[in-house]
Amino acid sequence: MHKLITYLLLLLALNSPKALRAQFFSSGQDPASTHWMQLRKGSVRYVYPLSLENEVLRMARAGDSLLPAVSASLDHRPRRIDILVHPSGAVSNGFTTWAPRRIELYPAPPQDQEATDWLRHLLVHEYRHAVQVDKLNQGLTRALGWIFGEQAVGAVLGLYVPLWFLEGDAVVAETMFSRAGRGRLPSFSAPLHAQLTTVGAFPYEKAIFGSYRDFVPDHYILGYHLVAPATLRYGSGVWAGALERSARRPWSLAPMSRSVQRQTGMGLRAWYGKALDEADSLWRSLPMNSLPPPTLLPTAAGEDYASYRRPSRLADGSLLAERSSLADIDRILRIAPDGREEVLASPGYGSRGSLTTGGRRIAWTERRTHPRWETLSWSEIWTLDLSTGQKECLTRRTRLFAPALSPDGDRLLAVDLAPDNTLSLLLLGLPGGVELARYRPPGIHHLMQPAWHPSGKAAVFIAQDSTGRKALVMIRLGTGSLQWITPLSFAEISRPAFSIDRIYFTGVYSDRDALFSVDTLGSAPRLEGVAPFGLTEASPDTLHTALLASAYTSSGYRPVSLPLQKLVIQEEKQPPGPWTALADSLSLAANRLLAVPSGEPSANPRPYRRLPHLFRFHSWGPVAVNADARSANPGISMLSHNLLNTSFLEAGFEYLPAEARGEWYLLYRYQGFFPRLSLEARTGHRSSQAPDIQGNMLDYGWREYRFRLGADLPLHTSSGQWSLGLTPSAHLSHTRLAMDDESPFRFRETALWSLDYRVLAYRLGRRAPRDLQYRWGQVLELNALHVPWEPSQGRLGSAEAMAWFPGLAPHHGISLYGAYQYRQSGQYAFTGLVRIPSGWTGHGEPEIYSLAADYRLPVWLPDFNLPGVLFIKRFSGGLFWEQAWGRYPATLFRYASYGAELRMEAHAFRFIAPLHLGYRLYRMHQRDGLGGGLFLFFDFDQLAGRPEQRDDVPPPRGL
């Protein structure tokens, strides 16, 4: 029964209108002017911009020994795969995807990078994903691949391999094959540490699917703490065997869990319980020290989850901090001594961890994307004058990170990223942002997190060499001379801050983030503060009598205060931490694999030509897949998606059950130019009936040829909490009709033309995780369709507008809709575009006015769990009112409906995509009885994550 339900879920998913967005994912396009190069090294081909050649050559040399080791630990040698390295932007990320299989890397080094080289980290993590997925290409799954192409592996992956394994195993790999990795970062484990110690373990389904009620550690954190202990105890073969069984026996019940059970005596759910019990015991055994605990400062969050980061003291004695939470979008706050909070700013994406203050100013960074080229982005600095409330963008189209305001607020230090991925320290004057000086310290590969000395004459920053080792370095801003405060090492350090005579920074104490300090003469660091789940981001107050910091709790990071030590404290010996020991054991096991010689020849880069790589066929099969329309019908299809995400082809034969006919089709889109171009061609036989002059119904048939050429220009950017977009488009359609020879009728017109135009504009506010819809937003859509050169042959014009507003309580929302449509029938009868009230179909009136109002609200966040069957995350409800007036020819028709909706969001049978199940009930004006309908769909949009977070695009029409 369980297997039958699993396959039914897969069939429903494939026919979901949103399924194919996740399966055939495009990350967007790079600028058309990019000069691409390629480099083949063994089973990997690197494709990269010429500006990054030195960085890619360095990464490829590291990959010579790394990649064979990464694949050997899963006992699999993967097929050749392409690695696309995007030009340096403001995004630090990477992803691996199937159909088509490829790796895409965003090389900008992050400001919170652990003690390993960023490109090495990316390469190991993403290549491990490629090994995981390619290992599924065996047995029955490989045979299915002959029939369906690469989408067969993607389907088995989605059905049986949990996200926590994919990401957890990749974090294990980055930890095994480096001296660092997130497995060694206490801040990475802190959310699970605090949850287990304070709240306890969540049910398995809640842990893997998350919650709107409680904060749940993500699948990276959970996965590492499940995969790493099993790897150390049973060997990596436990996971290699699980992937192999999933590939060879996809028809069986939970093949991955069964495989793990055969090797360990426990299935995945049982191992989850045991692993977290053991982790809890290890964390509870951690020693504390004699230092007094920090004092928690008051906030307005209470027990609800909210993280307050980068706390610092303002001149008026209030507290400055940035806040992120489940209940609200990101904010920059002024917090009064009694905990009352005042919102100073609502920053945009890319702002977390960048807040700084000095004098009367505060500053932070925001990420902005190019309106057309999605992968091109900048990190811009914004400032706010606290005395006047004036907010301004200090820099435009720059890649500046980690801003640090001087104590008087008249200068600013930031890390500047060049197109070749090199970094320098930039000094700007305020106001205006005039460049005063630029420092490129020799021998330093990566610069991070600068902080000012109170005198304003020097600064400290974290330096990193090409191997990943870190050190604290002080720079004198007058001369640019350097003083190395600590030696280069793989010890984890971050977030330096100057007091008068000491430098405070975050280090590791017994598997927890802790505060340390060192004097400017380079003495041994001393421990300054420890908290149960971690303490970081030290900031001396304005009088340098106390330290402010962020302490992690089960409710998120909270601001704390601890006194500055007046006497020299005896240095405390670093006690060993069990999770550090586990990571070291993993690395020891990997040393043998790293010794494998690659035998690869020297690098020979050459140009990568776009034209020969225009097509890359990856999936096919006995189903007509339309990735653009996100639909699937019976038939045959072949799909192509090139590496640069510029060329997309879909071709095949599609049977249309609603019309009981089939047609051949070809859809092609080229998105490498500034405007996007598209071509669609379809042909098929059609039939119908019509009466003759005596009224007898006669059959007739014809072959129809349809061609459609189009161009659009999607422009999208962001500003603060707003997502802005404008997309004009135009399409020319041509239809040719060839009547059957034996048909009793003939068409008066056998060649038909039509033109349609569309303009979509939107301004949408950011959404909090618990929000059901946009709090604020506006969408305007204009459409025009007509037959060129023949105005009397039919035309249609429409205008639609939507607006979203906050409701009466948190996470409630109001949406309003208004539209006008004019339609003139002729040879063409254009389909109406505007919203018609529920239950009504209209009478084809030339003019229609439409209004609607909806109110949505959360009803219950139950986190109800029926293990292995159903996990319910949220119930939501809604009320709606809809009304339209149609005029035909002089008669005014009124259509009106009102009703309610109840919706459940859940995960069924641990299926990866959330299920939305609901019922919509309505009553039609001046009609007896009630109408309604059940709706069900899987939300695959949540699975198609981008390297940079973006708001949802607006609905194409109506609500």
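Arg-372 is buried in this predicted model, because its relative accessible area is 1%, under the 20% that marks the buried class. Its side chain meets that of Glu-374 in a salt bridge, at 3.7 Å from N to O. Glu-374 is buried too, with a relative accessible area of 15%. Side chains of opposite charge can pair when their charged atoms come close.

Other pairs follow. The whole structure holds 60 salt bridges. One of them joins Arg-284 and Asp-280, at 3.0 Å from N to O. Both residues belong to helix H13, residues 268-284. They sit 4 residues apart, about one turn of the helix. Asp-280 has a relative accessible area of 17%, so this residue counts as buried.

Arg-682 and Glu-680 form another salt bridge, at 2.7 Å from N to O. Arg-682 is buried at 11% relative accessibility. Glu-680 is partly exposed at 22%. Salt bridges with shared partners link both residues into one network.

Now the helices. Helix H4 covers residues 118-135, 18 residues in total. Its first and last C-alpha atoms are 26 Å apart, close to the 26 Å expected. Of these 18 residues, 17 are buried, so H4 is largely enclosed by the rest of the structure. Asp-117 caps the N-terminal end of H4. There, a side-chain oxygen of Asp-117 lies 3.3 Å from the backbone nitrogen of Leu-119. Helix H7, residues 163-176, has 14 residues and reaches 20 Å between its end C-alpha atoms. H7 is mostly covered, with 13 of its 14 residues buried.

Next come the strands. An open antiparallel sheet has 4 strands in the order S6-S29-S28-S27. Its edges are S6 (295-296) and S27 (535-540), each pairing on one side only. Strands S28 (546-553) and S29 (556-563) pair over 8 bridges in the antiparallel sense. Ala-546 has Pro-563 in S29 as its bridge partner.

Strand S37, residues 715-719, runs antiparallel to S38 and is joined to S38 by 5 bridges. The strands of this hairpin have 2 residues between them, and Gly-720 takes a positive phi near 60°. Leu-715 stands opposite Leu-726 in S38.

How values were computed
Residues are numbered from 1 along each chain as its sequence is written. This is a predicted model: local features need pLDDT of at least 70, side-chain atom pairs count only at pLDDT 80 or more; totals for chains, interfaces and linings use all residues. Side-chain values use heavy atoms; hydrogens and water are left out. The expected span of a helix is 1.5 Å times one less than its number of residues. Buried means under 20% relative accessible area, exposed over 50%, partly exposed in between (1.4 Å probe, protein chains only). A polar contact is a pair of N or O atoms within 3.5 Å; within protein, one must be able to donate a hydrogen and the other to accept it, and residues adjacent in sequence count only if both atoms are side-chain atoms. Two strands pair if DSSP finds at least two bridges between them. A salt bridge is a side-chain nitrogen of Lys or Arg within 4 Å of a carboxyl oxygen of Asp or Glu.
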